[in-house]
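Trainee: I would like to go through this structure and ask what the labels rest on. Please show it to me.

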Amino acid sequence: MVSLISMTKPDYQAMSDNELRDWVRYHPQDTEAFHILMDRLDQRPKVITRTDEEFEIELQRRISQAS
């Protein structure tokens, strides 16, 4: 007896960035999910630092946000 598993397409838009990143990591053949993740990352604001001091300040800011 063969059991058929219903494969439904995941709702990528409902996934958080971390969930989508994990999905892409474990489903590398899913090019649609990959492109959606890349689009999300591309839409994030870019931070440009011109000096070591600016870099250090930005690094500390991000570390404190992650905590």
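Mentor: This is a predicted model. One definition to begin with: a residue is buried under 20% relative accessible area, exposed over 50%, and partly exposed in between. Asp42 is exposed, and so is Lys46.

Trainee: What makes Asp42 and Lys46 a salt bridge?

Mentor: The cut-off is a side-chain nitrogen of Lys or Arg within 4 Å of a carboxyl oxygen of Asp or Glu. For Asp42 and Lys46 the closest N and O atoms are 3.8 Å apart, so the pair is within the 4 Å limit. By this rule the count comes to seven salt bridges.

Trainee: Which parts of the chain does the pair of Arg44 and Asp17 link?

Mentor: Arg44 forms a salt bridge with Asp17, with 2.4 Å between the closest N and O atoms. The pair links distant parts of the chain, 27 residues apart: Arg44 lies in the loop between α2 and α3, and Asp17 in helix α1.

Trainee: Why is Glu58 called buried?

Mentor: Glu58 has 14% relative accessibility, and buried means under 20%, so the label applies. Glu58 forms a salt bridge with Arg61, the closest N and O atoms being 2.4 Å apart. Arg61 is partly exposed, at 35%. As for shared partners, salt bridges join Asp17, Arg40 and Arg44 into one network.

Trainee: Which residues form the largest nonpolar core?

Mentor: Seven residues: Tyr12, Met15, Leu20, Val24, Ala33, Ile36 and Leu37. The elements giving two or more residues to this core are α1 (17–26) and α2 (31–43). The largest share, three residues, comes from α2. Leaving aside residues up to four places away in sequence, Leu20 touches Tyr12, Met15, Ala33, Ile36, Leu37 and Arg40. In soluble globular proteins, nonpolar side chains tend to be buried together.

Trainee: Which residues form a nonpolar patch on the surface?

Mentor: Phe55, Leu59 and Ile63 do, with about 270 Å² of accessible area together. Patch residues need over 30% relative accessible area. Ile63, in helix α3 (residues 52–66), has 44%, so Ile63 passes that cut-off. Ile63 is called partly exposed because its 44% lies between 20% and 50%.

How values were computed: Residues numbered from 1 in each chain as written. Predicted model: local features only at pLDDT ≥ 70, side-chain atom pairs only at ≥ 80, totals over all residues. Heavy atoms only, no water. Patch = residues over 30% accessible without salt bridge, like charges linked within 9 Å, V, L, I, M, F, W, Y side chains within 5 Å. Areas by Shrake-Rupley, 256 points an atom, 1.4 Å probe, with all protein chains shown as cover. Helix = DSSP H or I, 4+ residues; strand = E, 2+ residues; numbered from the N terminus. Buried < 20%, exposed > 50% of the residue type's maximum accessible area, 1.4 Å probe, protein only. Core = buried A, V, L, I, M, F, W, Y, C linked by side-chain atoms within 4.5 Å. Contact = heavy atoms within 4.5 Å.
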